[in-house]
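Hi,

Here is the structure I promised to pass on to you. Have a look at it first, and then read my notes below.

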Amino acid sequence: MSNAKSTVLQAATELFGDKDPAPVDRWVAVGCKQHSALAADGPEALRGLVTGLGEDFRYAGARGIADGDLVALHGTYHGFGPKPLVGFDIFRIDADGKPAEHWDALTPLVLDTVPGRSQTDGPTAVTETDRTDANRALVAEFAEKVLVGADYSVLTDYISTETYHQHNTDAADGLDGFGAAAAKWAEQGKNLVYRKVHRIVAEGEFVLTQSEGEFGVPVAYYDLFRVADGRIVEHWDVIAPVPAELPHGNGLF
């Protein structure tokens, strides 16, 4: 496990597992820059967030990946509101080994999903670290050509035609399942429009893209892909509306 990933996991355990604000200064950079809709910049805002967590709050982590100075976590928050929230968090670690910047996206937990899978289940272990660069390059090209470029004629160059396990709550497995979901969304006035890919975090077979676009309204797209044998074989995501206001001036991206 990388030092960056270990730092983030330990900080998350102490702050959100133990719900103890005391370690904030030890784990978080003084000038920590926030992009979340939940907190303002700096350790003091995080300390206030942790202090305000209720007794029923807990975080169930599913997977984590580290790529250079970026660490991404995927899991479920219980107790932030009336419904559990599935979320992705991205942290940038500074030269001192402390989280210095944070992005996230949250969406309600859905129990009855079209593919029959949860929003977080599936493989979790990173086992193919030697494939990180190749998998990052594959997904980056897919994101630019298919997601941003909307060239669906090359879809099978990137996504497996044999195995494509889906965790989006509205889409069944396979390319046909995704196509049917996309058609349904379009009827509802929610076309999948990707404008820009802001970040890619890759480790082994897992590659996370953070993008902005529209889905009926302006949204943040967080898409996690699992790659096997040079093709995407599994997909998890969060599509989160861009808030009208944020508790900081840093933007969502």
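Strands here are DSSP runs of E with at least two residues, helices are runs of H or I with at least four, and both are numbered from the N terminus; two strands pair if DSSP finds at least two bridges between them. E2 runs antiparallel to strand E3 (residues 70-78), and nine bridges join them. Ala66 has Val71 in E3 as its bridge partner.

Before going on, a word on the model: it is predicted, local features need pLDDT of at least 70, side-chain atom pairs count only at pLDDT 80 or more, and totals for chains, interfaces and linings use all residues. Residues are numbered from 1 along each chain as its sequence is written, and side-chain values use heavy atoms, with hydrogens and water left out.

The other open sheet I'd point you to also has five strands, in the order E6-E10-E9-E8-E7 with mixed pairing. Its edges are strand E6 (165-166) and strand E7 (193-203), each with a single partner strand, so one side of each is left without a neighbour in the sheet. E7 and strand E8 (residues 206-214) run antiparallel and are joined by nine bridges, with Ala202 opposite Val207 in E8.

Helix H4 (residues 132-148) lies across E7, E8, strand E9 (218-228) and strand E10 (231-241), at about 175° to E7. (Axes are lines fitted to C-alpha atoms, for helices over the stretch in contact; angles run from 0 to 180 degrees between N-to-C directions.)

The largest nonpolar core has 25 residues, and Phe142 and Ile232 have the most contacts inside it. Such a core is a set of buried Ala, Val, Leu, Ile, Met, Phe, Trp, Tyr and Cys residues joined through side-chain atoms within 4.5 Å, where buried means under 20% relative accessible area (1.4 Å probe, protein chains only). H4 gives the most to this core, with six residues. A second, separate core of 19 residues includes Phe88, Ala105, Val201 and Ala220.

Lastly, helix H3 (residues 42-51) has Gly42, Pro43, Leu46, Arg47 and Val50 buried. Helix H1 (3-17) and helix H2 (24-27) are among what covers them.

Best wishes

Methods: Contact = heavy atoms within 4.5 Å. Buried < 20%, exposed > 50% of the residue type's maximum accessible area, 1.4 Å probe, protein only.
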